[in-house]
Amino acid sequence: MTITIKTKEVVDAESSQFMGESGIYPVTIAFASLDQSAKSEAIQVNFHVQYGTGEQTLYGPYVQDSTGKALTIGVNLVSSLGVIAGMGDGEQLEIEEEEHVVGKDKTVKAFAVIQQFTGIPVQVRLQEEYSSYEGEIKKKLVVKEFFREDGASAAEIVNEAEPGTRLKLVQEKYSKNITYKDGLTEADVEAWKKNKKTSKKPENIVPKKSGATLFQKKPQ
């Protein structure tokens with residue numbers, strides 16, 4: 001057997017960072033994309049970010065449902081990021097198709113990229129959410145809100161208020177919140193995590209059940 005020493009891989013593995021828990025993280029948005037469902041008019045905004053030395057995709061909210069209706073929560077989150085990016089009231093997002101190398105296999109893919117969000121440093125609040133589907137526990141990180149690099153919220157920017165008041169409140173009261181859905185409890189999830197660590201094929205532990213296109217593409 002021959003083993004070749006690869007110093008770059010060792011350094012990358014040791015220094016890479018990953019967001020996997022509820023919290024507030026400083027990231028740079030490499031690019032944000034609008035991803036439309038192949039089977040409907042539903043549109044989701046996803047954020048491809050740099051965190052420390054690592055890269056990660058944050059699957060964001062839907063801004064349009066399957067019928068083409070705008071979804072308020074998702075639109076408001078995108079609007080707040082627009083304010084943080086320096087956009088003003090009434091401005092429209094510019095969408096252009098770009099190719100980016102993504103994933104562990106470094107595949108080149110085409111994305112509908114929001115031009116105003118590329119390269120901006122922000123703080124993002126993520127919240128763990130656990131649900132059950134067909135007897136299996138599922139985990140995802142929900143993008144809850146964004147702050148400017150200096151901690152200012154979108155409302156503080158619009159109102160020209162002291163930056164950081166909202167961030168401080170969120171850090172103290174909400175940053176470690178976790179959502180449990182479909183009847184799951186904290187104990188269920190902790191047991192599931194423990195089982196994943198001790199079993200090669202972890203069993204999912206789920207409690208028994210009780211009784212108009214939103215954004216237009218920039219003209220070429």
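In the predicted model, Asp 182 touches Ser 131 and Ser 132, leaving aside residues up to four places away in sequence. Asp 182 sits in the loop between strand E8 (178-180) and H5. Asp 182 and Ser 132 are 50 residues apart in sequence, yet their C-alpha atoms are 6.1 Å apart in space. A polar atom of the Asp 182 side chain lies 3.0 Å from the backbone nitrogen of Ser 132. Asp 182 has a relative accessibility of 46% and therefore counts as partly exposed.

H5 has 13 residues, which at 1.5 Å a residue should span 18 Å. The C-alpha atoms at its ends are 19 Å apart, in agreement with that expectation. Asp 188, Val 189 and Trp 192 are the buried residues of H5. Viewed down the helix axis, these buried residues fall within an arc of 95 degrees, so they line one face of H5. Their cover includes strand E6 (121-133), E7 and E8. On the other side of H5, the exposed residues are Glu 186, Ala 187, Lys 194, Lys 197 and Thr 198.

Glu 190 pairs with Lys 193, and the closest N and O atoms are 3.8 Å apart. In general, an α-helix has 3.6 residues a turn, so residues three or four places apart point the same way. Glu 190 is partly exposed, with a relative accessible area of 40%. Lys 193 is also partly exposed, at 27% relative accessibility. Elsewhere, salt bridges that share partners join Arg 125, Glu 145 and Arg 166 into one network.

Glu 145 belongs to this network and is located in strand E7 (residues 136-148). Its relative accessibility is 12%. Residues under 20% count as buried, so Glu 145 is assigned to that class. Not counting residues up to four places away in sequence, Glu 145 touches Leu 77, Gln 123, Val 124, Arg 125, Arg 166 and Val 170. Among these residues, Arg 166 makes a polar contact with Glu 145, side chain to side chain, at 3.2 Å.

The side chains of Arg 166 and Glu 145 also meet in a salt bridge, with an N to O distance of 3.2 Å. This pair links distant parts of the chain: Arg 166 is in helix H4 (residues 165-173) and Glu 145 is in strand E7, 21 residues apart. Side chains of opposite charge can pair when their charged atoms come close. The two partners fall into separate accessibility classes: Arg 166 is partly exposed, with a relative accessible area of 30%, whereas Glu 145 is buried at 12%.

Another salt bridge joins Glu 136 and Lys 138, whose closest N and O atoms are 3.2 Å apart. Glu 136 has a relative accessible area of 36% and is partly exposed. Lys 138 is likewise partly exposed, with a relative accessible area of 38%. Across the whole structure, the search finds eight salt bridges. Those described here include Glu 136 with Lys 138, Arg 166 with Glu 145 and Glu 190 with Lys 193.

Notes. Residues are numbered from 1 along each chain as its sequence is written. This is a predicted model: local features need pLDDT of at least 70, side-chain atom pairs count only at pLDDT 80 or more; totals for chains, interfaces and linings use all residues. Side-chain values use heavy atoms; hydrogens and water are left out. Helices (H or I, at least four residues) and strands (E, at least two) are DSSP runs, numbered from the N terminus. Buried means under 20% relative accessible area, exposed over 50%, partly exposed in between (1.4 Å probe, protein chains only). A polar contact is a pair of N or O atoms within 3.5 Å; within protein, one must be able to donate a hydrogen and the other to accept it, and residues adjacent in sequence count only if both atoms are side-chain atoms. Contact means heavy atoms within 4.5 Å. A salt bridge is a side-chain nitrogen of Lys or Arg within 4 Å of a carboxyl oxygen of Asp or Glu. The expected span of a helix is 1.5 Å times one less than its number of residues. The arc is that of the directions from the helix axis to the C-beta atoms.
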